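Here is a short briefing for a reader new to this structure. Look at the sequence and the model first, then work through the points by topic.

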Amino acid sequence: MNAPGDLFDFEGQWTLTRTIRDARAGQVVQADGTAVLRRADHGLVYDEEVTLRIPGQAEMKGTRRYMWHADRDGIAIHFDDGRYFHRLKLGLQQVADHHDCAPDSYDATYDFEDWPRWNVRWVVSGPRKSYEMDTQYVPR
C-alpha cells in the first residue's frame with residue numbers, strides 16, 4: 001500500500017498549491033507556498049506560509065500553525081492554541097473526517113494514492129460559509 005504509516009512520515013518541507021472555490025463570494029482564490037512539519041516535544045508542528053491571490057485584490061501572505069500528535073492508529077491534529085481540530089487515520093489511501101465549528105461544518109478528505117505527494121479537500125458549509133478548498137502537497 002502506498003500511504004503514510006507513521007506521524008513522522010510527514011516530517012520535512014512540502015511545497016503546497018491551494019485552490020479555494022468560494023460559492024458565497026462567487027470567486028476562486030489561489031494560493032501557493034510551503035508547509036514545514038518539524039519535530040516538537042509531543043509530535044510535529046505544522047507551519048504553513050502561503051501567498052494568496054484573491055481576484056481584484058493585491059497578493060497577501062497567510063500563515064497557519066497546527067500541532068500534530070500520534071494518536072493510536074492515526075494523528076490528532078490540534079489548533080496552535082491546543083483545541084482539537086480533527087483526526088487523520090494512517091495506513092489508508094483515502095481518509096475522511098469531520099469538524100464542527102458551529103454553525104459551520106467542515107468535512108476533510110485526505111488522499112494518499114500518489115504518496116509521498118498527497119492532497120486534502122475540505123468542504124465547508126453552513127450559514128456563514130460555503131466553499132471547497134483543495135490543497136496539494138509535494139515533498140521539497
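**Strands, pockets and rings**

Strands β1 and β2 run antiparallel and are joined by 11 bridges. The model is predicted. The points below cover strand pairing, then pockets, then aromatic rings.

**Strand pairing**

- Within the pairing of the opening strands, Gln13 stands opposite Val36 in β2.
- The hairpin of β1 and β2 has 4 residues between the strands. Gly26 in this hairpin takes a positive phi near 65°.
- β2 also pairs with β3: the two run antiparallel, with 11 bridges.
- Gly33 faces Val50 of β3, standing opposite that residue.
- β2 and β3 form a hairpin too, with 2 residues between them.

**Largest pocket**

- The largest pocket holds about 340 Å³ of space.
- Its lining has 23 residues. Nearest the pocket's centre lie Arg64, Tyr66, Phe85, Trp122 and Met133.
- Eight strands each supply at least two lining residues: β3 (43-53), β4 (60-71), β5 (74-79), β6 (84-89), β7 (94-101), β8 (104-111), β9 (118-125) and β10 (130-139).
- By type, the lining of the largest pocket divides into 16 nonpolar, 3 polar and 4 charged residues.

**Second largest pocket**

- The second largest pocket has a volume of about 160 Å³.
- Residues that line the second largest pocket include Arg18, Gln27, Glu48, Leu52 and Arg64.
- Two or more lining residues come from each of β1 (12-22), β2 (27-40), β3 and β4.
- This second lining divides into 5 nonpolar, 3 polar and 3 charged residues.

**Aromatic pairs**

- The structure holds 19 aromatic pairs.
- The ring centres of Phe10 and Phe112 are 5.9 Å apart, and their planes stand at 65°, so this pair is edge-to-face. The cut-off for that class is over 60 degrees.
- Phe10 and Phe112 link distant parts of the chain, 102 residues apart. Phe10 lies in the segment before β1, and Phe112 in the loop between β8 and β9.
- Phe10 and Phe112 are both buried.
- Tyr46 and Trp68 also have ring centres 5.9 Å apart, but their planes are at 10°, so they are stacked. Stacked planes are under 30 degrees apart.
- Tyr46 sits in strand β3 and Trp68 in strand β4, 22 residues apart.
- Tyr46 is buried, with a relative accessible area of 3%. Trp68 is buried as well, with a relative accessible area of 3%.

**Charges over rings**

- Arg39 lies over the face of Phe8, 3.8 Å from the ring centre.
- Arg83 places its charged end over the ring of Phe79, 4.4 Å from the centre of that ring.

Notes:
Residues numbered from 1 in each chain as written. Predicted model: local features only at pLDDT ≥ 70, side-chain atom pairs only at ≥ 80, totals over all residues. Heavy atoms only, no water. 1 Å grid on protein atoms, 1.4 Å probe; cavity = no way out; pocket = protein on both sides within 12 Å on 5 of 7 lines; lining within 4 Å. Points joined across faces, edges and corners; volume = space filled by probe spheres on them. Nonpolar A, V, L, I, M, F, W, Y, C, P; charged D, E, K, R; others polar. Pairing = 2+ DSSP bridges. Phe/Tyr/Trp six-rings, centres within 6.5 Å; stacked < 30°, edge-to-face > 60°. Buried < 20%, exposed > 50% of the residue type's maximum accessible area, 1.4 Å probe, protein only. Lys NZ or Arg CZ within 6 Å of the ring centre and 35° of its normal.
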